[in-house]
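Visitor: I'm new to this one. Can you show me the structure and walk me through it?

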Amino acid sequence: MTTPIVDTAVSRPIAPADPSRGRFRPLGLSEVRLTDGFWAERQRRNAAATIPHIRARLESEGWLGNFDLAAAGDLPEGRRGREFSDSEVFKYLEALAWELGREPDERSEENFRAVVARVAAAQEPDGYVNTMFGRPGQAPRWSDLEWGHELYCLGHLFQAAVARHRTRPDADDGLIGVARRAADLVCRTFGEGGIERVCGHAEIEAGLAELGRALGEPGYIDQAALFVERRGHGTLADIEWGRVYFQDDVPVREADSLRGHAVRANYLAAGAVDVAVERGDADLLDAVRRQTSHAIARRTYLTGGQGSHHQDEAFGQDWELPSDRAYSETCAGVSSMMLSWRLLLSDGSPDHADLIERTLYNVVATAVGQDGTSFFYANTLHQRVPGEPADPESTSPRASSSLRAPWFDVSCCPPNVARTFAALGAYLATADDDGIQVHQYAGSEIRTTLRPGVTVGVRVETSYPDAGDIRLVITESTGGPWSLTLRVPAWAVGATISDADGTRTAEPGTVSVRRSFAVGEEVVLTLPMAPRVTHPHPLIDAVRGSIAVERGPVVYALESIDLGADVDRAVIVGDPELDVRGGEILLRVGVRASEEASWPYGDAVDPVVEETRVRLIPYREWGNRGPSTMRVWIPR
Ligand code: FUB
Ligand code: ZN
């Protein structure tokens with residue numbers, strides 16, 4: 001059974017973020033349903049394979065069992081997993097809650113309740129819930145804010161509770177109560193006059209703010225604001241990578257760029273947007289916008305990936321974007337989407353949706369294998385050495401192989417992707433009093449009430465990104481004129497829009513049609529989908545003189561399996577030439593002879609090359625055909 005598309009005249013959106021003000025309001029899972037095509041297929045795979053796989057691994061790794069040990073009073077003996085393993089259980093609950101909201105299912109519902117019961121049994125009478133700290137034989141509560149992740153884990157608990165509250169407000173499973181008691185404890189412990197410090201990993205900020213919105217508890221938003229304001233004042237100890245690692249080097253209002261650990265930076269910025277929006281704090285919002293724009297302009301990979309340091313999983317300096325050391329953690333992609341979405345809701349700029357699209361197709365979709373049960377943790381743009389297939393039963397170090405792995409010692413990424421896919425419908429479209437705005441194109445149905453008496457519905461028919469036609473069929477339109485606004489991506493120069501008035505050019509940005517639509521009326525947006533050659537900014541040293549190929553929002557890659565040689569031998573001779581044959585993109589490349597040299601520097605060498613036309617594949621598909629080398633940027 002599928003959740004019906006309901007009348008939302010009075011209800012709040014069933015969505016991960018529901019700000020009380022902003023340029024647009026999100027349309028949630030009861031208003032937008034993915035029906036077919038690329039993302040619907042990914043969502044089905046997520047439900048059928050990824051979420052059950054995560055559940056099985058949480059059990060076999062003992063990360064769920066930690067809660068049972070806690071409830072039985074048996075900890076710390078036998079506790080398994082890293083200090084933040086509780087958070088993966090909470091992200092799993094969040095994923096399952098969204099999934100149950102999208103597609104109710106009795107067995108999954110039982111599963112959900114069973115896991116909640118195990119978590120609830122581990123909660124202490126005063127609300128504390130964490131399996132790593134606080135019991136005899138464990139470090140005291142809140143004694144290791146730099147690395148302990150207690151507040152980070154609670155942030156994920158709160159997001160799971162919000163997902164459940166919004167999808168099943170009548171559920172009596174107890175999760176909301178667990179979250180409420182834990183949030184009250186956080187406010188008592190870290191409020192004014194309490195421990196005036198922050199968590200080494202931001203996340204509590206966005207979690208508390210959303211729980212406050214969902215439950216109507218302004219105190220939780222106030223506490224989130226305290227955490228945001230406290231950061232940057234050096235309340236955490238200095239560490240080998242400096243306080244910048246956890247953004248405790250400069251106050252949020254004063255920083256110039258997202259920096260330090262990429263996931264931490266994005267979660268913090270997302271929480272800061274939530275706080276700024278709820279309090280009408282334009283200065284804070286501007287500060288986050290400034291930092292985000294800077295990081296996008298100078299510290300983000302072509303794929304939308306962020307983080308170019310392996311050792312501290314951090315942003316590099318401006319222009320420091322080496323392909324072969326791209327960390328581009330999957331969670332950094334997810335958290336960047338969360339930030340972009342909040343900014344989009346606040347200011348309506350289509351640029352945020354452009355980045356979300358780029359990141360979705362090229363980081364989040366890349367992270368999950370075709371089986372739905374193997375994952376990339378890091379998303380390199382250049383693989384020099386073919387990897388080793390992971391044993392399906394194994395647990396891999398986080399970024400060790402070029403092949404996707406079923407699980408990691410640090411397995412933050414798989415459940416992060418799962419919760420994103422399960423809630424994906426809530427990232428497609430928004431509304432205001434005047435109409436709806438479609439930001440991402442996917443086979444879907446949208447229906448909402450704009451204002452009393454004005455209910456509108458649209459069916460989106462498309463095979464995008466394979467093809468560039470997006471047909472929007474009006475399925476409901478009562479109460480007079482309204483606007484249908486469509487995003488035209490920045491790359492889509494030459495896009496057109498067609499409706500009853502004819503065809504006209506649609507400039508990058510947004511295009512709107514406003515009228516009293518008739519049911520059955522169609523609007524067609526046509527995006528140009530010819531492949532294009534992309535050049536890097538000249539200051540990105542690592543790829544200077546190289547080119548990449550994109551088609552629509554999709555970044556392409558050269559894989560050794562198609563070249564029949566190691567990709568490091570590929571070079572573009574003369575001007576890049578692309579052909580499209582039978583839907584495949586072919587690039588003319590030269591393949592260098594393998595040149596032996598005892599010293600690799602000296603006079604310029606004219607490479608001996610043999611020219612060939614080679615198929616490029618969507619970057620997200622690489623690594624699906626066994627061990628290979630791969631590169632996105634190809635030198636000229
Ligand atoms: O520290 C928790 C998570 O583990 C981070 O978000 C990831 O980057 C990984 O280090
Ligand atoms: Zn991760």
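Guide: We'll take the metal site and then the other ligand. Keep in mind that this is a predicted model.

Visitor: Which residues coordinate the zinc ion (ligand 2)?

Guide: Glu329, Cys331, Cys412 and Cys413 do. Glu329 uses OE, and the cysteines use SG. The distances run from 2.1 to 2.3 Å.

Visitor: What arrangement do the four donor atoms make?

Guide: It's tetrahedral, because the angles they subtend at the zinc ion are 97 to 120°. For reference, ideal tetrahedral angles at a metal are 109.5 degrees.

Visitor: How are the donor residues spaced in sequence?

Guide: The pattern is E-x1-C-x80-C-C.

Visitor: Is Glu329 buried or exposed?

Guide: Buried, because its relative accessibility is 3% and the cut-off is under 20%.

Visitor: And the cysteines, buried or exposed?

Guide: Cys331 is buried at 2%. Cys412 is buried too, with a relative accessible area of 7%. Cys413 counts as buried at 1%.

Visitor: New topic. Which residues are around ligand 1?

Guide: Among them are Phe84, Tyr152, His261, Val263, Tyr377, Arg398 and Val410. Glu329 and Cys412 are also in that list, and both are zinc donors.

Visitor: What classes make up that shell?

Guide: Six residues are nonpolar, three are polar and three are charged.

Visitor: Which side chains have an N or O atom 2.7 Å from an oxygen atom of ligand 1?

Guide: His149 has one at 2.7 Å. So does His201, also at 2.7 Å.

Visitor: What about Glu313, how far is its side chain from an oxygen atom of ligand 1?

Guide: An N or O atom in the Glu313 side chain is 2.6 Å from a ligand 1 oxygen.

Visitor: How much of ligand 1 does the protein bury?

Guide: Taken alone, ligand 1 exposes 270 Å². The protein buries 96% of that.

Methods: Residues are numbered from 1 along each chain as its sequence is written. Chains are lettered from A and ligands numbered from 1 in the order in which they are written. This is a predicted model: local features need pLDDT of at least 70, side-chain atom pairs count only at pLDDT 80 or more; totals for chains, interfaces and linings use all residues. Side-chain values use heavy atoms; hydrogens and water are left out. Donors are N, O and S atoms within 2.8 Å of the metal (3.2 Å for Na, K and Ca); water is not among the atoms, so sites may look incomplete. Four donors count as tetrahedral if all angles lie between 85 and 135 degrees; four count as square planar and six as octahedral if opposite donors are over 155 degrees apart and all others between 65 and 115; anything else is irregular. Buried means under 20% relative accessible area, exposed over 50%, partly exposed in between (1.4 Å probe, protein chains only). A residue is near a molecule or strand if one of its heavy atoms lies within 4 Å of it. A polar contact is a pair of N or O atoms within 3.5 Å; within protein, one must be able to donate a hydrogen and the other to accept it, and residues adjacent in sequence count only if both atoms are side-chain atoms. Accessible areas come from the Shrake-Rupley method with a 1.4 Å probe; for residues, only the protein chains shown count as cover. Ala, Val, Leu, Ile, Met, Phe, Trp, Tyr, Cys and Pro count as nonpolar, Asp, Glu, Lys and Arg as charged, and the others, Gly among them, as polar.
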